[in-house]
Amino acid sequence: MVSRTLVAGIDSSTQSCKVEIRDLRTGRLVREGRAAHPPQKIIDPYEWWKALLLAVDRAGGLHDVSAVSVSGQQHTPVFLDADGAVVCDSPLWNDTGSHPQVVALNTELGAGEWVRRTGLPISLSDTVVKLRWLRDTDPDSARRTVAVAVVHDWLTWLLLGHGPGRADFSRLVTDRSEASGTGYWSGETGDYCPDLVEHALGKQVILPRVLGPLERAGVTADGIPGIPAGLVIGPGSGDNAAAALALRLRPGDAVMSLGTSGVVYSRSTRPVHDYSGVVCSYADATGDHLPLAATLNAARDLDAGIALLGCDYAELSALALQAPPGAGGLTMLPYFEGERTPDLPDATASLHGATLANFTRPNFARAVVEGMLASQVVMIDATRACGVPVNRLLLIGGAARSAAVQTVLAQIIDVPLLVPEPGEYVSIGAAVQAGGALTGAMPDWPTTVREVPATPAETVIMSQHRAARSAMSYDAALSPA
């Protein structure tokens with residue numbers, strides 16, 4: 001039997017931890033495991049560690065693996081004390097309770113100053129906002145905090161053998177993609193902005209050292225269940241940077257990811273500064289940049305439609321395709337849990353243009369799909385306005401499998417729409433990173449992509465979306481600061 005080298009990619013996402021073990025030469029999936037995270041938006045970080053170990057166990061352990069790398073939800077902080085223990089529970093990136101801190105930070109320094117310094121129109125998701133939230137809501141925990149990591153940084157640190165009583169903060173590391181999502185790192189200089197940390201938290205803290213794309217974080221420590229000592233550990237990354245790596249994103253490509261949140265990102269050779277407040281200038285996992293915009297609401301819009309109509313995903317899609325473009329004038333703004341783009345944390349979903357004639361099951365299903373997608377297309381327009389070309393669009397995420405989603409999206413964009421084969425692209429990208437750390441070069445694994453047939457443009461969809469947004473006086477939240 002020919003021996004093979006295996007690598008593991010770990011995706012510690014908002015909802016769960018996924019572990020995939022892949023063949024380094026071919027990228028073929030060998031085995032996998034997963035474990036759920038708690039549903040709350042402020043949770044004990046050790047829940048992520050426990051889920052990681054459970055997912056590793058369900059994947060059959062890593063005893064035959066040579067390297068591992070961890071990707072994860074961006075922004076979410078882990079506050080550490082001088083002993084290396086977790087100070088308090090962590091607010092997730094999508095916890096809306098920190099919106100007053102967004103207002104405060106923008107008022108104090110000016111929204112444009114954050115964009116100029118960090119490339120981020122800061123939102124309630126960003127780590128720097130969570131630092132101010134901690135200072136305002138729990139000053140004792142802020143006082144005891146001596147180091148701040150984000151989720152993948154901290155999990156990597158634990159894999160290296162550090163933690164309570166073993167607090168070697170010199171081994172606390174991150175990568176450019178995660179650093180770029182904090183709100184206190186500059187894509188122009190590649191350095192942290194310590195004064196912004198102090199402004200938010202009221203003090204200086206230790207921050208993870210930023211590794212390059214092929215650097216090693218170290219090796220796994222002894223005594224971790226299911227994980228042998230000595231495995232090479234890659235630098236890790238944010239979730240979208242990992243997916244971009246797995247998709248082999250090139251300049252001119254954009255990705256629309258429809259999961260818990262909606263995300264649009266593209267590869268760029270330079271950072272951007274979007275003073276309109278939509279596009280965030282993140283870095284990627286290759287040394288380039290990943291301009292990105294996000295909504296809080298995406299696939300769960302479909303869940304809401306399914307719950308109301310009493311159907312499943314396939315039936316919702318079939319119903320939506322029975323209705324005409326524009327759903328007979330019925331328009332949904334799907335801000336079910338507030339929104340990030342536009343910046344409307346207190347908004348709720350709204351239905352516009354309903355009449356006795358158009359309020360049908362097919363039209364409602366279509367309005368749900370169109371509302372979700374129109375919200376994402378706004379972010380493509382904003383990306384182009386930053387001078388970043390979008391020549392083709394790759395559609396991923398759970399909602400990407402819907403025939404209605406593919407059809408409607410093809411009707412409202414003006415570039416080829418490509419649908420990669422379903423896969424856990426974040427954990428695949430993490431496995432690519434593990435291979436890079438092991439060998440010194442990123443493996444080039446093939447990806448199967450299908451192009452959605454071109455279809456005539458249906459301008460009514462975006463026209464109705466803009467009209468509904470204007471009727472609710474939401475346009476100011478998408479206007480230059």
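A residue counts as buried here when its relative accessible area is under 20%. Ser266, with a relative accessible area of 0%, is therefore buried. Keep that cut-off in mind as we walk through this structure, which is a predicted model.

**The whole protein**

Let's start with the overall picture. The protein contains 15 helices and 22 strands. Along the principal axes, its C-alpha atoms fill a box of roughly 65 × 60 × 40 Å. How does the radius of gyration fit with a compact globule? A compact globule of 481 residues would have a value near 23 Å, and the protein has 22 Å, so the two agree.

Of the 481 residues, 60% count as buried. Among contacts with a separation of 6 or more, 72% are between residues 24 or more positions apart.

**A closer look at Ser266**

Back to the residue we began with. Ser266 lies in strand β15, which covers residues 262-266. Which residues does Ser266 touch, leaving aside its neighbours within four places in sequence? Ser266 is in contact with Leu249, Asp253 and Ala254, with His289, Leu290 and Pro291, and also with Thr383 and Val388.

**A closer look at Val129**

Our other stop is Val129, found in helix α4, which runs over residues 127-137. Is Val129 buried or exposed? Its relative accessibility is 0%, so Val129 counts as buried. If residues up to four places away in sequence are not counted, Val129 touches Ser98, Gln101, Val102 and Leu105, together with Ile122, Ser123 and Leu124. Leu159 sits 30 residues from Val129 along the chain, and the C-alpha atoms of these two residues are separated by 27 Å.

Key. Residues numbered from 1 in each chain as written. Predicted model: local features only at pLDDT ≥ 70, side-chain atom pairs only at ≥ 80, totals over all residues. Heavy atoms only, no water. Helix = DSSP H or I, 4+ residues; strand = E, 2+ residues; numbered from the N terminus. Rg over C-alpha atoms; globule rule 2.2 N^0.38 Å. Buried < 20%, exposed > 50% of the residue type's maximum accessible area, 1.4 Å probe, protein only. Contact = heavy atoms within 4.5 Å.
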